[in-house]
Amino acid sequence: GSKGVTFLNILPAADAIEYVVDINPRKQGMYVAGAGQRIVPPEALHICPDVIVLMNPIYREEVEAAVRGLGLKAEIVQA
């Protein structure tokens with residue numbers, strides 16, 4: 001969403017972020033405007049990221065469940 005796009009475009013170290021995850025299939029395969037990270041589905045997280053940055057706390061339970069369901073041990077932090 002727009003919060004994530006803004007975050008990545010103002011973050012000095014955004015180039016260290018390889019990709020972003022979105023459950024919306026219309027966004028998957030696209031790139032973040034300006035920052036350029038590829039947008040992938042949750043299933044693409046076959047290699048566990050160190051940290052997952054959550055942009056909207058409303059989705060925390062859903063994201064935590066999906067992360068557990070994928071068997072990931074990444075730390076989830078809220079921006």
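For the classes used here, Ala, Val, Leu, Ile, Met, Phe, Trp, Tyr, Cys and Pro count as nonpolar, Asp, Glu, Lys and Arg as charged, and the others, Gly among them, as polar. In this predicted model, the lining of the largest pocket comprises, by these classes, 28 nonpolar, four polar and six charged residues.

The largest pocket holds about 1400 Å³ of space. It is lined by 38 residues, of which Val20, Val21, Asp22, Ile52 and Val53 are the closest to its centre. Two or more lining residues are given by each of helix H1 (2-10), strand S1 (19-21), strand S3 (51-54) and helix H2 (60-69), and the largest share, six residues, is contributed by H1.

Two salt bridges are found in the structure. In one of them, the side chain of Lys27 meets that of Asp22, with a distance of 3.6 Å from N to O. Asp22, which is also listed among the residues closest to the centre of the largest pocket, has a relative accessibility of 17% and is therefore classed as buried, the cut-off for that class being under 20%. Lys27, by contrast, has a relative accessible area of 32% and is partly exposed.

The other salt bridge joins Glu64 to Arg60, whose closest N and O atoms are 2.9 Å apart. Both residues belong to helix H2, where Glu64 and Arg60 are separated by four residues, about one turn of the helix. Glu64 is partly exposed, at 26% relative accessibility, and Arg60, at 26%, likewise counts as partly exposed.

Technical notes. Residues numbered from 1 in each chain as written. Predicted model: local features only at pLDDT ≥ 70, side-chain atom pairs only at ≥ 80, totals over all residues. Heavy atoms only, no water. 1 Å grid on protein atoms, 1.4 Å probe; cavity = no way out; pocket = protein on both sides within 12 Å on 5 of 7 lines; lining within 4 Å. Points joined across faces, edges and corners; volume = space filled by probe spheres on them. Salt bridge = Lys/Arg side-chain N within 4 Å of Asp/Glu carboxyl O. Buried < 20%, exposed > 50% of the residue type's maximum accessible area, 1.4 Å probe, protein only.
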